[in-house]
Amino acid sequence: MRGTGGAGAVGTTGATGATGATGAGAGAGVGVGGGGVNLLALRSHNAALVLDLLRTAGDEGISRLELAERTGLTPQAVSKITARLREDGLVAEAGRRASTGGKPRTVLRLVPEAGHAVGVHLDRDEVRVVLVDLRGTVVGERRAALDLGAGAEAVLGAVGETVAGVLPGGLDGGARPGSAGLDGGARPGSAGHDEGLRPGEPELDGSAQPGAARLDRDSRLGSAGFDGGSRSGSAGLDKGSRLGSAGLDEGSRVGVAGLADGSRPGLAGLDRALLGVGVALPGPLDHARGVLHRVTGFPEWDGFPLREALAKRLGVPVAVDKDTNAAALGLAAGGEGGSFAYLHLGTGLGAGLVIGGSVHRGARTGAGEFGHQVIQIDGPPCTCGDRGCVEALCLGAVARGDLDEAARVLGAGAANLVGLLDIDVVLLGGRTVAAAPEAFVGGVGAVLEARARRTGEDAVPVRVTAGGDGAVAVGAAQLVLGPVFGRGGG
């Protein structure tokens with residue numbers, strides 16, 4: 001839910017007359033407070049609060065009374081929200097719990113399989129795709145070789161085919177993998193635009209982006225519509241609300257992409273509860289606009305509107321972020337608390353920063369360009385154009401087979417982050433780390449321990465992420481899922 005500030009409860013400072021507000025003006029007079037509210041314009045946020053509590057409750061579930069107590073909503077409001085969620089198949093009864101007085105309480109639980117998100121890790125030499133349910137559990141995975149320098153058409157086609165391959169079920173109405181709004185004869189991966197499209201040609205339209213709340217009377221949670229800039233992850237749970245569609249007619253159902261009349265769905269035909277696709281790749285890039293900048297080593301992508309291009313090709317909403325930011329987001333959603341740095345060493349080197357529980361992207365998505373801090377003046381050249389960068393030194397050591405040196409260099413960079421940000425823990429990931437985790441944990445840890453002895457502080461712990469080299473793809477799915485539960489993301 002973009003603009004709600006996460007899963008915290010919302011209170012009002014304005015008059016009760018604001019209850020009729022909808023759309024862009026609905027946020028007027030709204031501030032962060034101690035509980036949910038019952039304004040029509042904030043139903044999206046309130047539903048996200050309820051969904052998040054249902055998600056964290058697991059299979060044991062939670063009662064309506066507990067939901068009301070924890071959100072600050074009235075029992076009547078909770079009953080209305082949960083009734084809609086049950087109608088949409090998102091919530092089911094999980095039995096009854098003994099009460100201290102009166103009749104036993106009915107316990108509700110989230111239905112994880114009622115919705116899915118796709119996470120894509122677009123690396124320099126491969127694409128890795130995961131399908132996750134509403135709890136973020138991986139239920140499908142696929143990877144394929146890829147050359148990020150092969151040009152936009154080849155790369156987008158490979159992404160479309162790999163994403164289609166991870167989705168369950170057959171193709172709907174003859175639509176081919178990756179087609180969006182095309183006739184039955186569309187070729188796999190085509191997007192109805194010029195075959196010769198190259199990076200830097202932003203001719204594509206569409207502004208769908210996961211994360212914002214569409215609050216009109218027909219809005220649906222997790223919208224996949226392309227009209228008026230609608231975005232997935234919204235939760236406009238009014239009388240006609242549904243998960244997954246936006247701006248559709250009353251008969252619309254979960255996860256259906258709101259394409260033009262008569263058009264065939266792209267990936268939406270493969271999974272009726274698909275909320276969207278999150279894509280993570282090396283930076284620099286503009287997370288807010290979904291536009292690539294001069295990707296290190298691949299300057300030809302500069303200015304390419306990746307989010308719009310993929311949204312048009314796939315027929316579902318798309319969110320784009322740096323690989324390290326996505327991994328950090330996934331780790332935070334998975335329970336990693338406090339402030340931490342995720343250092344990703346694979347085909348490149350970068351960092352995802354979580355400060356106070358939130359991913360720190362910076363004003364221009366420029367935070368976390370960890371690999372390009374210079375630690376050796378006039379050192380070896382780096383693909384970024386500078387010399388003596390941590391990435392160049394670290395990857396050079398890896399290429400020579402000197403993992404101890406690579407870990408020492410990585411530790412020097414990590415020590416800089418610890419000194420600058422005073423973080424709680426350093427997490428390591430990426431395929432190079434996954435291939436030799438003990439060497440990197442030991443080497444980075446030794447540098448941080450030496451720093452702690454000099455400063456008299458406690459050493460910051462170093463761990464390998466539980467997700468291994470799949471953390472980026474899983475985190476990319478959270479770019480879509482996070483807003484559904486009021487937890488940032490896309």
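Axes are lines fitted to C-alpha atoms, for helices over the stretch in contact, and the angles between their N-to-C directions run from 0 to 180 degrees. The exercises below concern a predicted model.

**Exercise 1.** Determine how helix α7 and helix α8 are oriented relative to each other, and which residues meet where they touch.

*Solution.* Begin with the geometry: the axes of α7 (residues 390-399) and α8 (residues 403-421) come within 7 Å and cross at roughly 165°. Angles over 145 degrees count as roughly antiparallel, and therefore α7 is roughly antiparallel to α8. The crossing of these two helices, α7 and α8, is left-handed. Next, look at the side that each helix contributes: V390, L393, C394, A397 and V398 in α7 meet L403, E405, A406, V409 and L410 in α8. Sorted by kind, the residues of this contact comprise nine nonpolar, no polar and one charged.

**Exercise 2.** Work out the order of the strands in the five-stranded open sheet, and find which strands stand at its edges.

*Solution.* The order is β15-β14-β13-β16-β17, with mixed pairing. At the edges stand β15 (358-359) and β17 (462-464), each having a single partner strand, so one side of each is left without a neighbour in the sheet. Within the sheet, β13 (residues 340-345) and β14 (residues 349-355) pair in the antiparallel sense over six bridges, and L343 has A351 in β14 as its bridge partner. Finally, helix α6 (residues 323-333) lies across β13, β14, β15 and β16 (425-429), running at about 40° to β14.

Terms used:
Residues numbered from 1 in each chain as written. Predicted model: local features only at pLDDT ≥ 70, side-chain atom pairs only at ≥ 80, totals over all residues. Heavy atoms only, no water. Helix = DSSP H or I, 4+ residues; strand = E, 2+ residues; numbered from the N terminus. Parallel < 35°, antiparallel > 145°, perpendicular 65-115°, else oblique. Left-handed = near helix turned anticlockwise from the far one by under 90°. Contact = heavy atoms within 4.5 Å. Nonpolar A, V, L, I, M, F, W, Y, C, P; charged D, E, K, R; others polar. Pairing = 2+ DSSP bridges.
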